[in-house]
Amino acid sequence: TPEQEQLMVMWLSWMIKEEAYFESTSGVSASFGEMLLLVAMYFHSNQLSAIIDLVCSTLGMKIVIKPSSLSRMKTIFTQEIFTEQVVTAHAVRVAVTGNLSANITGFLPIHCIYQLLRSRSFTKHKVSIKDWIYRQLCETTTPLHPQLLPLIDVYINSVLTPASKSNPEATNQPITEEEILNVFQGLTGGESARLNQHYGITAQLLVLYYVLSYEEAILASSKTLAAMQRKPKSYSSALMDQIPIKYLIRQAQGLQQELGGLHSALLRLLATNYPHLCIVDDWICEEHITGTDALLRRMLLTNTAKNHSPKQLQEAPFVFICNPLAGRPAFAVLQSNHTQVLQILEHLTLLSAGELIPYAEALTSNMNRLLYSGIPRRILQTANRLWMTLNTVMPRRLWVMTVNALQPSGKMVRQQKYTQKDLMIDPLIVLRCDQRVHRCPPLMDITLHMLNGYLLASKAYLSAHLKETAEQDIRPSQNSMMGLEATEVTREELKNALLAAQDSAAVQILLEICLPMEEEKSVGGGSAYSLLKSLAVSGLGKRQLEEDEKEDSLLCNLREVQCLICCHLHQMFIADPNIAKLVHFQGYPCELLALTVAGIPSMHICLDFIPELIAQPELEKQVFAIQLLSHLCIQYALPKSLSVARLAINVMGTLLTVLTRAKRFSFFMPTMPCLVSFCQAFPPLYEDIVSLLIQIGQVCASDVATATRDFDAIITRLQQLKGKPSEWARLLKEPACKTGAGDGGGTDPNIQLCHCVERTFVDMINMSVGGV
């Protein structure tokens with residue numbers, strides 16, 4: 001009856017008014033008012049089945065309710081008790097749930113807010129919900145409530161997407177940068193500062209998830225927003241630099257059970273937007289730093305290693321390292337007192353990654369002092385280990401400080417300080433460091449680590465920049481989609497060209513670093529050929545090996561740097577084989593071919609594009625291709641190498657008939673020694689190579705036949721060698737000078753080529769007789 005309906009309306013209104021009393025009396029955390037609010041929202045969105053499920057789950061019994069019987073109740077709830085405006089106004093005033101976690105069951109304010117956000121009620125009635133969302137995120141603990149991540153996602157959508165096309169300004173406000181920074185206050189100040197911080201790890205991880213999801217959503221919807229002529233506020237790079245993302249991810253890794261799907265969601269966002277924080281080598285390094293070995297090392301310390309308590313070590317950065325008022329700083333006496341510095345650094349290795357954070361600035365700012373001559377290797381290795389430990393918790397800030405500390409001394413005078421953005425725009429700044437770093441393997445290892453990170457960061461930065469500037473692709477006059485697509489392809493191609501130029505420039509600089517300096521050449525131990533030589537010493541006698549090691553020691557800084565660079569280039573070539581192709585089409589000093597082929601395991605991919613490189617019109621590229629192929633045939637004696645070697649021999653025979661005298665000399669002088677390697681790797685090629693060498697000798701001899709007749713003897717001997725292999729032994733016993741053309745023709749290119757032909761024959765015979 002109408003009277004009963006009126007009584008029911010009055011009773012429901014009274015319950016909403018007195019909900020605080022009911023909650024305090026019942027002693028449960030669930031909110032009766034919020035349940036009624038949720039029922040009203042379901043009625044507003046016409047989700048009648050959800051109301052039936054809610055009633056059944058609350059009562060704990062299965063009740064058969066027909067949706068058609070709820071029509072009158074729907075009218076009462078939506079028009080008399082809870083109009084949409086009343087619902088939104090009431091929801092904002094509801095207190096957030098304190099210490100919200102999955103342990104709190106029932107229907108909570110968060111469920112109501114989630115439904116209102118989905119129905120866009122707040123934006124429709126211009127009610128700000130930002131503060132409520134922020135307060136609820138801060139009032140969370142583990143185990144994570146399953147409604148929090150969907151709440152953040154739908155809130156971000158309400159911030160970026162208008163409720164209707166007719167009213168593009170109908171959006172919620174995003175959380176401010178000041179509020180975000182407040183959550184992370186004191187997080188990177190060491191263990192003592194973290195003990196005093198106001199917000200827990202759950203709140204910090206949720207805010208981090210919000211920031212990363214918000215930035216990704218802006219980039220994903222950039223074209224749509226540009227078409228609507230809307231540009232939502234994006235968070236500044238300065239804010240992102242102050243959030244210790246890697247530290248928080250490490251904390252989340254240890255709480256995966258309590259955090260539900262938050263850890264995997266954060267990893268997905270990181271891999272998309274911050275690939276330089278998802279380097280596999282870093283994760284492997286973390287296993288060494290945080291694994292069982294490191295734990296046992298801290299537990300089984302000797303008494304002498306425990307001279308400094310954790311509290312004393314916490315004060316150490318100011319007492320021992322960087323406080324000038326406390327006596328001479330440790331790094332200042334580095335050249336005179338190695339023991340003191342090493343003792344302090346060894347004590348620092350006993351600290352965890354989080355405890356080491358306060359020492360980061362002192363360690364990085366004094367790195368240039370480690371470049372002095374005479375610094376013990378153990379100090380350099382300990383500093384490298386400390387840097388790698390810090391890299392697991394604060395990589396981005398650490399990289400910036402390290403790059404600035406390792407600048408050349410001339411730049412330090414000008415106090416030029418690079419920022420995170422500078423290094424993402426131009427990653428090659430990392431390699432513009434003090435030249436002494438290139439011969440200091442522990443610091444070169446750090447430099448390569450930073451270079452890899454910034455190359456990845458640059459790719460992500462440019463991709464994001466392309467999406468952020470999507471409005472440049474939309475012109476008022478461009479109404480057809482064809483024009484838009486053409487513009488986008490062009491911008492994408494320019495970005496890819498820039499990234500390829502960056503990668504190839506980095507590779508070329510690293511290869512240049514591998515070249516020995518003049519003083520290293522004079523010593524002899526730094527030859528770029530040393531790496532290949534070490535692979536060939538297995539056939540030498542023990543005495544010969546010992547003599548060679550004394551004469552040409554491989555235990556040098558250059559050799560170690562070469563190995564580090566080869567490992568780095570191997571990873572780059574695996575990640576993108578097109579880099580290898582681009583670098584080899586550009587070319588590099590042929591002295592490095594022995595090093596790159598022997599030291600980079602992925603160099604076998606060059607066999608795929610060597611035929612294309614040989615087909616280039618430039619003579620220099622053809623020479624480089626054949627020299628590269630000769631080393632690859634020795635290293636990888638595969639059927640594919642044999643077919644490419646046959647092609648190279650055929651190309652050389654063809655070029656012999658078309659090249660001019662000058663070009664013939666420029667091409668065959670550096671490539672004829674490569675024929676020896678082809679024979680060594682593939683003996684079936686002997687006959688083709690011998691025929692080619694005789695053709696070269698005949699062509700050169702015919703060019704100078706009118707000037708001298710001395711070549712007749714050479715040609716005759718070469719023809720005898722082809723027809724009578726028994727003559728090889730006799731040729732080996734005769735001095736090479738007896739077959740020469742005399743000193744008078746030594747400068748003639750054709751005469752030099754004929755001598756080169758004969759030397760190549762001798763090398764082939766020596767190699768065959770020696771059984772190599």
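## Cavity, core and backbone features of a predicted model

A cavity is here a set of points on a 1 Å grid over the protein atoms alone where a 1.4 Å probe fits but cannot get out, and its lining residues have an atom within 4 Å of a point; points are joined across faces, edges and corners, and the volume is the space filled by probe spheres set on them. The model is predicted, so local features need pLDDT of at least 70 and side-chain atom pairs count only at pLDDT 80 or more, whereas totals for chains, interfaces and linings use all residues. Residues are numbered from 1 along each chain as its sequence is written, and side-chain values use heavy atoms, with hydrogens and water left out.

The structure holds five cavities of 30 Å³ or more. Ten residues line the largest cavity, and Leu363, Thr364, Met367, Ala383 and Leu386 lie nearest its centre. Helix H23 (360-365) and helix H24 (377-391) are the elements that give two or more residues to this lining; helices are DSSP runs (H or I, at least four residues) numbered from the N terminus. The largest share, four residues, comes from H24. The lining has eight nonpolar, two polar and no charged residues, where Ala, Val, Leu, Ile, Met, Phe, Trp, Tyr, Cys and Pro count as nonpolar, Asp, Glu, Lys and Arg as charged, and the others, Gly among them, as polar.

The largest nonpolar core has 208 residues, of which Ile180, Tyr210 and Phe678 touch the most other members. Such a core is a set of buried Ala, Val, Leu, Ile, Met, Phe, Trp, Tyr and Cys residues joined through side-chain atoms within 4.5 Å; buried means under 20% relative accessible area, exposed over 50%, and partly exposed in between (1.4 Å probe, protein chains only). Helix H13 (residues 201-220) gives the most to this core, with 11 residues.

Helix H4 (residues 48-59) has 12 residues and reaches 17 Å from its first C-alpha to its last, close to the 16 Å expected at 1.5 Å a residue, the expected span being 1.5 Å times one less than the number of residues. Its buried residues include Leu48, Ile52 and Cys56.

| Site | Angle |
|---|---|
| Gly60, following H4 | phi near 75° |
| Asn99 | phi near 50° |
| Thr142 to Pro143, cis | omega near -5° |

Asn99 lies in the loop between helix H6 (84-93) and helix H7 (109-118), and counts as exposed because its relative accessibility is 52%. Pro143 is found in the loop between helix H9 (130-138) and helix H10 (148-160).

How values were computed:
1 Å grid on protein atoms, 1.4 Å probe; cavity = no way out; pocket = protein on both sides within 12 Å on 5 of 7 lines; lining within 4 Å.
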